[in-house]
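Please look at the sequence and the model first, and then follow the reasoning turn by turn.

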Amino acid sequence: MRPHLVCVGGEDHRLRIPFLLALRERGFRVTAVSSDVGIAFSPHGIPHHRLIFDRFGSGREEWDALRAMRKLLTEIQPDIVQSFDTKPNLLTPLAARGQVPVIRTINGLGWTFSSLQLRALVLRPIFCFLQGLASLWTAVTVFQNLDDQHFFQRYRLVGGGKSRLIRSSGIDADAFATTIRRGVSSTALREELGLQAAEVVIFVGRLTRQKGIRTLLEAIPLILRDRPNARFVLVGPRESEGPFAVEQADIDRCIPHVIALGPRRDVPSLLAMADVFAFPTQYREGVPRVLLEAGLAGLPIVASRMPGCNDVVENGWNGYLVPPRDPRALASGIVEVLSDRTSAKRMGDRSIEYVRRQFALSRVVDQYCDLYKNVLKGQTPGGLSPSAPPIFGAHDQARRRLDRAQP
């Protein structure tokens, strides 16, 4: 009789499994919906339903996804729905249409508000219109950074619901440390990759132009002039990134100084073997999880001065913030870190403590649980009348379940 929470996301939804497990421990029955194949959810006993949200598609595909979402919600009868990622955040409220409380988390504004391409500029007013429309059936809009919250409030995209700031999706620092401890040693990894005595600069993420890979590649010759022993490790997918992917030829031109590993399952161990984390994103991030992981690995971070990044990195304290699309500034920051190892060690230690204190999974989950309980009790406005009979399960039944679930 626990409240049934359905969490909707994109193809990286499996990264939220610790978040879902923590919610389950706090009394919720959880179901995952995503465009991921869902294999990762089964060992944890989390029911998963696959819906295709094509990141590159438009038009009919969205209508098909909208209808499929509405049908699925009717079938699985949630008491409350949580959505993450751009397309799920638009489709989920439109599918629910106020018949079940929807919490959407804006984890970045993405390519549309990061790119300077004409197509992105044309899409911005459309994006704003759709976000405003989705807000009509959203109980609460959660933001991961103040920049995005201020943007939505300025353009009145929150609607009748409330907004709330919850920084990141959280990270289990102890589990991350355990993974490093049980993984392959840094010495063994460096030997495997031929990086024994190198100064290792690592990037983890999608190998796209929007993530600043071209900027990093352009910075490499500038870095090598001062640090000839530097080597650059790129971890993440490229082939799956469609029109956004950086060209393989651009990477090949930097061989042997660059190693592109593709997607890896041993990211914590790879971070632990590195000397500095480079994140030259041009993307409007929420709070990038990979920055939290780099921080927990004790790495000084050189990142773009972009929303989300400046929530994790304080310039000169635990890393450096540099202008996006500026290879010279990026190179200067990386060289600065590599040239002063004592200062770099202090920066890395600060990152560990800061991430543990500010972005702990338990802290984030507590905030979401408090939010869900208030919504289910009808304390949050947004077109969710407790007296209106939702088609996906009666709201008063959800309230009784919540009361019984509480100690």
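Q: Why is R289 called partly exposed?
A: R289 has a relative accessibility of 30%, and since buried means under 20% relative accessible area and exposed over 50%, with partly exposed in between (1.4 Å probe, protein chains only), R289 counts as partly exposed. This is a predicted model, in which local features need pLDDT of at least 70 and side-chain atom pairs count only at pLDDT 80 or more, whereas totals for chains, interfaces and linings use all residues. Residues are numbered from 1 along each chain as its sequence is written, and side-chain values use heavy atoms, with hydrogens and water left out.

Q: Is E293 buried or exposed?
A: The relative accessible area of E293 is 13%, and E293 is therefore buried.

Q: What makes E293 and R289 a salt bridge?
A: A salt bridge is a side-chain nitrogen of Lys or Arg within 4 Å of a carboxyl oxygen of Asp or Glu, and the closest N and O atoms of E293 and R289 are 3.2 Å apart. Both residues lie in helix α11 (residues 289-296), four residues apart, which is about one turn of the helix; helices (H or I, at least four residues) and strands (E, at least two) are DSSP runs, numbered from the N terminus. An α-helix has 3.6 residues a turn, so residues three or four places apart point the same way.

Q: Why is K211 called buried, and what is K211 in contact with?
A: K211 has a relative accessible area of 12%, so K211 is buried, and E285 is buried as well. Leaving aside neighbours within four places in sequence, K211 is in contact (heavy atoms within 4.5 Å) with residues including F203, R206, F279 and Y283.

Q: Which parts does the salt bridge between R164 and D370 tie together?
A: The side chains of R164 and D370 meet at 3.3 Å, N to O. R164 lies in strand β8 (residues 162-165) and D370 in helix α14 (residues 361-376), so the pair ties together parts that are 206 residues apart in sequence. R164, at 24% relative accessibility, counts as partly exposed, and D370 is partly exposed with a relative accessible area of 37%.

Q: How many salt bridges does a search of the whole structure find?
A: The search finds 24 salt bridges, and E11, D12, R14, D36, R206 and E241 are linked in a network of salt bridges.

Q: What makes a set of residues a nonpolar core, and which members of the largest one touch the most others?
A: A nonpolar core is a set of buried Ala, Val, Leu, Ile, Met, Phe, Trp, Tyr and Cys residues joined through side-chain atoms within 4.5 Å. The largest has 67 residues, of which I202, L271, F277 and I334 touch the most other members. Helix α8 gives the most to this core, with eight residues. Apart from it lies another core, of 29 residues, among them L21, L23, A32 and I103.
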